[in-house]
Each structure stands twice: as C-alpha cells, then as structure tokens.
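Here are my notes on this one, point by point. Have the model open while you read.

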Amino acid sequence: MKILVVEDERLLSESLCELLASHGFEAEPVYDGEAGLEYAMTGVYDLIMLDVMLPGMDGFALARRLRGRHVGTPILMLTARSGLDDRVEGLNSGADYYLAKPFDTRELMACINAILRRQGAQVDELRFGDTALDLPSAALVRGELSSRLSAREFEMARCLFAAGERIISKQTLLVKVWGWESDAVENHVEVYVGFLRKKLASIGSNVKIKSVRSLGYHLEVDGGD
Ligand code: CA
C-alpha cells in the first residue's frame with residue numbers, strides 16, 4: 001500500500017519512510033505543500049500523512065483543497081501543535097486523525113492501522129464471490145484450493161479485490177503496481193490480468209475480472225444476479 005508523507009523536516013521524513021517501509025508500506029516523501037497537493041490529487045495513495053507547518057501551503061489548507069476537489073484519501077495529520085484549536089481546525093479541514101509530535105512509533109502504527117481498517121483496507125483477507133485473497137500468504141483461496149501469487153500479481157489482485165465491483169482504471173493499476181518510475185505500459189496490466197484470470201480459474205473460482213472497454217477492470221461473480 002502506498003502512503004504519501006508530506007513533511008518538510010528531512011530527518012523526520014526519512015525516519016517515517018523507513019518505519020513505514022519496515023511495516024510493508026511503500027512510502028513516498030514530498031517536502032512542501034504544493035508538491036503534497038499535486039501528488040495527493042492523483043488519488044493513488046491509500047493514506048496521506050500530513051504535517052501542519054509546511055513551506056508554502058500549510059497542512060490545513062492542503063487538506064481543505066483536497067476535500068474541496070473530492071479526493072477522499074484518508075489524512076493523518078502530524079504536528080507539533082497540539083492545542084485544542086489546532087486539533088479542531090485539523091479535523092474541520094478534512095483530516096481523519098490528528099497525532100501530536102513527538103509521537104510514539106507504536107501509537108503511530110496503531111493509528112495508521114485503525115484508519116486503514118476503517119477503510120476496509122488493512123485486513124487479513126479480501127473476499128469477493130466464493131474467493132478470498134489471503135494477504136499474509138499472498139494467495140487466492142477457495143475452500144481447500146489455493147494458488148500462490150507473485151509479488152506483482154498479488155499487488156494487482158489486492159487493488160482489484162479492494163475495488164470489487166467498482167471499476168479501477170488501467171492507469172491506476174499501472175501506478176499502484178509498478179509505480180511512477182517504471183517503464184511499464186498498459187499492456188503489462190493486461191498481461192497480469194491474464195495471469196490472474198488463469199489462477200482464479202485454476203481454483204475453480206466464480207470471480208471474473210471483467211474488462212470495461214477504455215475504462216478499466218472490475219470484479220464480477222460468474223452466474224450471479
Ligand atoms: Ca513542518
């Protein structure tokens with residue numbers, strides 16, 4: 001899962017990104033409000049960690065702009081300012097949670113997991129139809145049958161199972177699975193969707209990955225109403 005870290009203190013940003021990476025998250029740092037807004041607007045992040053005091057646009061303004069543009073990514077606000085007024089302003093500006101610096105890393109991780117769980121993201125398995133995507137073992141499971149996934153297949157399956165019947169675009173899958181820096185093209189997405197279809201079929205799953213012309217993909221239960 002991708003977490004955007006908007007924090008101008010380089011050392012803190014670095015240690016946050018290391019901490020997140022050690023918990024299996026992919027952390028992407030940006031160091032000012034404008035860059036934060038630009039990255040966050042892409043909507044590819046599962047969570048935004050947002051400092052309040054930033055050069056340029058502050059965290060409150062950034063959160064308000066995002067919510068004003070209907071970007072619903074959860075926001076965890078981090079700040080040295082812990083007064084009641086600031087907390088209220090943080091929550092009013094669209095933050096989901098507010099953590100005062102300095103914070104304990106266990107408190108931070110608990111906080112992140114609580115926010116993601118509320119989004120239905122941080123669970124042990126994602127289900128659709130008669131099939132579960134088991135997250136700890138990276139396998140598709142139906143009853144007694146299971147099929148292990150490669151790292152990319154797993155990331156792709158996680159995006160598709162999290163979206164369920166909602167359409168997820170090829171572009172979004174490309175960025176979430178291969179990242180910004182990669183040379184991967186939409187054709188890679190099609191190839192991996194093909195791999196996943198074979199693995200679903202190999203366990204007799206009733207889950208179909210439907211492609212919606214020029215829009216993307218979504219899941220459907222075969223033979224369902
Ligand atoms: Ca700061």
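1. Start with G56, which sits in the loop between β3 (47-51) and α3 (59-68). Helices here are DSSP runs of H or I with at least four residues, strands are runs of E with at least two, and both are numbered from the N terminus. G56 is exposed, at a relative accessible area of 65%. For the cut-offs, buried means under 20% relative accessible area, exposed means over 50%, and partly exposed is in between (1.4 Å probe, protein chains only). In sequence G56 is 24 residues from D32, yet their C-alpha atoms are 6.5 Å apart in space.

2. Before going on, a word on what you are looking at. The model is predicted, so to speak of local features pLDDT must be at least 70, side-chain atom pairs count only at pLDDT 80 or more, and totals for chains, interfaces and linings use all residues. Residues are numbered from 1 along each chain as its sequence is written, and side-chain values use heavy atoms, with hydrogens and water left out.

3. Now β3 itself. Five of the five residues of β3 are buried, so the strand is largely enclosed by the rest of the structure. Both of its faces are covered: L47, M49 and D51 are buried on one side, I48 and L50 on the other.

4. Which strands does β3 pair with? On one hand β1 and β3 run parallel, joined by four bridges, and I48 in β3 is the bridge partner of L4. On the other, four bridges join β3 to strand β4 (residues 75-79), again in parallel, and there I48 has I75 as its bridge partner. Pairing here requires that DSSP finds at least two bridges between two strands.

5. Step back to the whole sheet. Five strands form an open sheet in the order β2-β1-β3-β4-β5, with parallel pairing. At the edges are β2 (26-30) and β5 (97-100), each of which pairs on one side only. Ignoring direction, neighbouring strands of this sheet are turned against each other by 20° on average. Strand β1 (residues 2-6) pairs with β2 in the parallel sense over five bridges, and V6 stands opposite V30 of β2.

6. Next, the antiparallel strands. Strand β7 (residues 131-134) and strand β8 (residues 139-142) run antiparallel and are joined by three bridges; A132 has V141 in β8 as its bridge partner. The β7 and β8 hairpin has four residues between the strands, and A138 takes a positive phi near 50° there. From β8 to β9 there are four bridges, also antiparallel, with L145 of β9 the bridge partner of R142. That hairpin, of β8 and β9, has two residues between the strands, and G143 takes a positive phi near 55°.

7. While you are there, look at S147. Is S147 buried or exposed? It lies in strand β9 (residues 145-148) and is buried, with a relative accessible area of 9%. Leaving out residues up to four places away in sequence, S147 touches A138, A139, L140, K199, S202 and I203. Contact means heavy atoms within 4.5 Å.

8. One helix pair is worth a look. Two packed helices are described by the angle and the distance between their axes. The axes of helix α7 (residues 170-178) and helix α8 (residues 186-202) come within 9 Å and cross at roughly 85°. Axes are lines fitted to C-alpha atoms, for helices over the stretch in contact, and angles run from 0 to 180 degrees between N-to-C directions. α7 and α8 are therefore roughly perpendicular to each other; the cut-offs are under 35 degrees for roughly parallel, over 145 for roughly antiparallel, 65 to 115 for roughly perpendicular, and oblique for the rest. K170, Q171, L173, L174 and W178 of α7 make the contact with E186, H188, V189, E190 and Y192 of α8.

9. Finally, the overall numbers. The protein has eight helices and eleven strands. Its radius of gyration is 19 Å, close to the 17 Å that the globule rule gives for 225 residues, so the protein is as compact as a globular protein of that length. The radius is taken over C-alpha atoms, and the rule is 2.2 Å times the number of residues to the power 0.38. Along its principal axes the C-alpha trace spans about 55 × 35 × 35 Å. Buried residues make up 45% of the 225.
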